[in-house]
Amino acid sequence: MQYILLIYFLFALGIFILPGWLKKHVGVILALVQTLFFVYFFSKIPEATNGHGIVTVIHWIPQIGLNLEFLLNGLSLVFALLITGIGTLVFLYASAYMKSYEGTDKFYFQLFLFGGAMLGLVLSANLIQLFVFWELTSYLSFLLISFFNKKELARKAAFQSLIITAFGGLLLLTGVLLLGSIVDSYSVTDWLEGAQSIKSSEFYLPGLLLILAGAFTKSAQFPFHFWLPGAMQAPTPVSAYLHSATMVKAGVFLLALLNPVLGGTIEWTYIITLVGVTTMFLGAYFSITQTDLKAILAYTTISSLGILVLLIGIDTTLSIKAAMLFLFVHAFYKAALFMVAGFIDKKTGTRELSKLGGLYKHMPITFIISILALLSMAGLPPTLGFLGKELIYEAKIQSPGIASLVLILGVAGNTLMVAVSMYFMFKVFLGKQGDYPKQPNEKGYLYLLGPGVLTLLSLLLGLSPAVLGDVLVEPALSSIRKEFIDVELQLWHGFNDVFLLSLLTIVLGMTIFVIALYKKQFLIKWRSINNRIFIIEFTNIFNQLLDGFLNFSERNTKRLQHGYHRFYILTVIVFASALLWFEVYVTRNWVLETQFSLTPLYISGLVAIITCSTIYAAIARSRIATIISMGVTGYGISLIYLYYSAVDLAITQILVETLVVVMFVLVLQRLPLFETLSSKLTRVRDLIISLTFGSVMTVLALKALNVEFNHSISDMMVKNSFVKAHGKNVVNVILVDFRALDTLGEVTVLIIAAMGVFVLLKTKKT
Amino acid sequence: MNSVILQLASPYVRSLLVFFSLIALLRGHNYPGGGFIGGLLTALAIVFYSFALDWRQVQKKLKVKPETYIALGLAFVLSSFLPSLFQSEVLMKGVWVSIPMGILGKLELGSPLLFDTGVFMGVIGVTLLFFFTLAYRK
């Protein structure tokens, strides 16, 4: 399995080096690769659904318990098949859709890499590893949304989605670390074994909330749902792949994966159910008043994600079964609808409902495909959607706790879905001829291949659902429930409560649709009511919060990073001397070594010269004099080194001193003439500060004489220098062998400093 | 600078300094010297030469640019890790080979020399980059 991921990443990089004649067909090639993986995963069905699935563990950093763990079981298989299968269709679609745009290499690279990252996510059985892939998908989603990065809207939407999903990702990581600390492992298998201790731990609730925050942000749950409609700025293949079929379901996957570990508690059921049911209803509620095709689909996607989350929250065998089935239902019809919407946009030049209409004459095949997909969305027979909806109703009726609320909002949500589907179909395809910017035609079979296959599947599986039930839903359910559960799906359930609910839904939905169609004022009024009730625009709140945060940090940064070099130095020195004086005071019980002697006399003379030149450097009225006297100080110090037989140090000091003097002279050319601008008070302040610092350094130097050094390290180095490191010069051996890592760090710092100097001096001021 | 003596002497002084810097680099493991000192010496030689002549001309005449020196330095430093890697030893452990040289005794070569050469080049590059950026405006 790990090799598949590797191939993904290699192929993604390979896109850039493809020769020109192959590059034209890159979409098709990548689709073929995806097909191969789809076939691979398909062939693994018997093996993966048997018992615990296929487990691969690669020891990565076993010292800290970090392994690469891959798991292919019923649950991850469902997702893997969706990712590769829909991936194939999306890439075929993209090869037609993206033809007219610039920068498609980058696009295919990101989209294909996303496929790999998403696959990595669902195959991960280690939560840290899962987090890495999780963030990778967030980041690629950001890049893909901002594909049209010349549009401000696209940039803003991309940024918004990145902040929300990446923030959620960080919360998820925190939650994983918190809960992982209970069982001391991040492997899902260990979590399963320690499920009881996790649930009874005091960290359970905070950990659960953090992980849920991650899942909810990713899966666009209320109140984080608003990034998903914004994400529709992405090219349509991206919307179909990431923002309806795969990435937004990562949250659902995580909930399903952790259900056996964290589920079964009151907190789990109530929090997830409430969030899911709210999202389900609001998504459907907002979708009907949208006028942009993709916006309608985005809000219905939010609603469907709400359903999935809700079903996992209800946490009965029936509801999980419904969730697994609905996963397929939704992926099939929503990806198809997105592709159709993109096709219509391409051919007519608009996505506005008001400009569309009567398209069935121009695009008959599209019309048929759309009818089937919309039937599935509305949950009408004979499509898979009907079956999904029936199961969902059944699960809702049996949901423990807040069944009545769930059921009422569920019926309301589905009613709206029916109305939206009908409205969508009528406004786009039927009715009178629209006012299109372009004359539509139906050329381009690649556009219709994807939606066609998906809707056909939806229809066929709707008629014979047992195939899907036995092969995929059953193992997925069994791997979530950790026991074998027999799944039998059939289209016709008989005349029962659920069927009555369905009838009610359809009748109500039709009523709303008819009213909306014939009373033009109806939807407009609805919209204005919406505006009045929901004054709170989530996007606006988000932007205001972000702006406020940016302002806040800008003000703080300006206070600290004021740009005055002298004050930076002042701050550093004042703090350093305060801390050092404090330390000196704390450890004050030492006796000053008083045995100072003046012999040898030339050393005393050297010290005198150093002192004089230092004082002169401070009071000199010319810069060049200051620099030269500082040079004298430096050379003097190097002579002292030499006297104490630190030859290497002395040579280095001499060379550095020479270079520094030359460098200062060069800098001098750039400075204005020497003038006294500071007030007397400032200079007195500076004098006090420098004297304080100087005196503390003196005290420290004196104190250093009293410190007992631990000789074992230096002895070890002297002893081993020649024997083990083949060098007689201990200083050098330390630099290049014993402490080579430090030297590497120093060289790196030097290089970074050089780059800083280069950039600062070479950049022209604008 | 318009000193004729300096201008005439500078090529010789430069070559001499570079020669000594190489010696400093090579003997560094056993006697005072090493990559850092050698690098500073070479840089000093080029700085001195540029001072006597003209910064811009010297910079143009330089066969290896400071940036390249830096890159080479990092490459050498990193390449010094490879021998230990290939021997499946702890990373950065010094690996030595002994080459017999007849009456001259034997030549001991080790990966720390590669490391030191990397430091040598890095220091040359960084110092020259400092100087050439500082030396003239615009």
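Which residues in α28(A) meet which residues in α29(A)? Let me get to that after a quick bit of housekeeping.

What we have here is a predicted model, where local features need pLDDT of at least 70, side-chain atom pairs count only at pLDDT 80 or more, and totals for chains, interfaces and linings use all residues. Residues are numbered from 1 along each chain as its sequence is written, while chains are lettered from A and ligands numbered from 1 in the order in which they are written.

Okay, back to the two helices. Helices here are DSSP runs of H or I with at least four residues, strands are runs of E with at least two, and both are numbered from the N terminus. On the α28(A) side we've got R623(A), I624(A), I627(A), G631(A), G634(A), Y635(A), I637(A), S638(A), Y641(A) and L642(A), and they meet V647(A), L649(A), A650(A), Q653(A), I654(A), E657(A), V661(A), F664(A), V665(A) and L668(A) in α29(A). Being in contact means that C-beta atoms, placed from the backbone, lie within 7 Å. By class, that's 14 nonpolar, 4 polar and 2 charged. Nonpolar covers Ala, Val, Leu, Ile, Met, Phe, Trp, Tyr, Cys and Pro, charged is Asp, Glu, Lys and Arg, and polar is the others, Gly among them.

How do they cross? The axes come within 8 Å and cross at roughly 175°, so α28(A) is roughly antiparallel to α29(A). The axes are lines fitted to C-alpha atoms over the stretch in contact, with angles from 0 to 180 degrees between N-to-C directions, and over 145 counts as roughly antiparallel.

Now, α29(A) turns up again between the chains. There, 35 residues of chain A touch 34 residues of chain B. The largest share of chain A's side, 13 residues, comes from α29(A). That side of chain A has 23 nonpolar, 7 polar and 5 charged residues.

Let's look at another helix, α5(A). Residues 74–97 make up its 24 residues, and 24 of its 24 residues are buried. Buried means 20 or more other C-beta atoms within 10 Å of a residue's own, exposed means 12 or fewer, and partly exposed is in between, again with C-beta atoms placed from the backbone.

Last stop, chain B. M101(B) sits in the loop between β1 (96–100) and β2 (106–110). Is M101(B) buried or exposed? Exposed, because M101(B) has 9 C-beta neighbours inside 10 Å. Leaving aside neighbours within four places in sequence, M101(B) is in contact with K106(B) and L107(B).

Conventions
Two residues are in contact if their C-beta atoms, placed from the backbone, lie within 7 Å. The expected span of a helix is 1.5 Å times one less than its number of residues. Angles under 35 degrees count as roughly parallel, over 145 as roughly antiparallel, 65 to 115 as roughly perpendicular and the rest as oblique.
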